[in-house]
Amino acid sequence: MEKRIIARGLLAGALAGLLAFLFARVFAETFIDKAIAYESGRDAAQAALDKAAGLATDSDGPDIFSRTVQANLGIGVGMIGFGAAMGALFSVAYLLCLGRVGRVQPKPLALLVAGAGFAGFYGVPFLKYPANPPSIGHADTIRARGLLYLAMVACSLAFLFAAVWTGRRLAPRFGNWNATLLAALGYAAAIGVVMAVLPAVGELSANVRAFGHHATETPLPLTDAKGTIVYPGFPADVLFSFRLYSLAAQALLWGTLGLAFGPLAERVLRPVMRANTEESGAPGAVPAAV
Amino acid sequence: MSTMPVSAAPVSPVSAPTPLVVSAAKAKLWLGGTMLFGLLAYYFVGVDQGAFSVFGGDMHLHEFVHDARHLLGFPCH
């Protein structure tokens, strides 16, 4: 049975990734292109400034993949790969939750696990370190930023697990509703502490040295030696749209995963549940199909 | 009180069944293997050739899934 559930998780995950890819290709690539156009323009302006000041200009190496490959094939492989990865982890979480989180039926449980995956892997980390389009992010801080992001993901997932575990322990004493609220409160408090403790990206020492104190790495206007703005800061509307579509793509991915997996899993689980019930001789112990 | 025929439908909350429990010990090979696959795929789509790199300075993977990394929320160069 585990194998069949896992296979369905992978299938639903890959399908979810495919839909997220189509969504991204149609709606989000526009803003990725705008961000890259901004970056190219800014690099050209910077090069002109450096040249005027008599500094050596460093040129980028040749692109490994063309924009066409990145924006059509690469993003597709990336999104479907991510979807399959999430489908795999989702199916493990689902199998572990089955029968251990109260009387939740197969389909609602799929939606709950998907919601937890969305929040744990993306939503909560996004609150502290939101998705950024190309041209935001300094190359020399990638290691620190990567570690900070992974720390946020690891903490939000670990605390989610702890909240579910604690909620189950509290349920007999406080009832399901209050136990769930208490566990949610505990989660919010714990992740809030982590968010307060972890540094803002702009406050990393390399950034403070080069740019002074800022909250993020979002490019500010480029100025010449006299302080005149020669190239604008990163366009706010592009940043907002990119983040909105990033959020929408993840919501679509997890929503599809939960909705596609639920009925598939139920068809596997229902006969097993029925057989178990008859074996244990408790007719009616399993509620009718939802 | 006369004994009425009890229908099977309403079950008292106390006897709420755990629909089905998968023993983590029995299924550990499949659960562990699936988790490993999921984490590896997550790592290679989102993280490798960024904060860490198992391929040294090579950037092919990073550049190939570049757009997906940005959109999925991973920090990217």
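Here are some questions and answers about Gln70(A) and how chain B meets chain A.

This is a predicted model, where local features need pLDDT of at least 70, side-chain atom pairs count only at pLDDT 80 or more, and totals for chains, interfaces and linings use all residues. Residues are numbered from 1 along each chain as its sequence is written, chains are lettered from A and ligands numbered from 1 in the order written, and side-chain values use heavy atoms, leaving out hydrogens and water.

User: Is Gln70(A) buried or exposed?

Analyst: Gln70(A) sits in helix α2 (residues 67-97) of chain A; helices here are DSSP runs of H or I, at least four residues, numbered from the N terminus. Buried means under 20% relative accessible area with a 1.4 Å probe, protein chains only. Gln70(A) has 4%, so the call is buried.

User: How much area do chain B and chain A bury between them?

Analyst: Buried area is the accessible area (1.4 Å probe) that two parts lose on being put together, summed over both. In this pair 75% of it is on carbon and sulfur atoms, and the total is about 4,700 Å².

User: Which side chains meet in a salt bridge?

Analyst: The rule wants a side-chain nitrogen of Lys or Arg within 4 Å of a carboxyl oxygen of Asp or Glu. It finds 1 across the interface of chain B and chain A. At 3.0 Å, N to O, the partners are Asp67(B) and Arg67(A).

Note on methods:
Helices (H or I, at least four residues) and strands (E, at least two) are DSSP runs, numbered from the N terminus. Buried means under 20% relative accessible area, exposed over 50%, partly exposed in between (1.4 Å probe, protein chains only). Contact means heavy atoms within 4.5 Å. Lists of a residue's contacts leave out its neighbours within four places in sequence.
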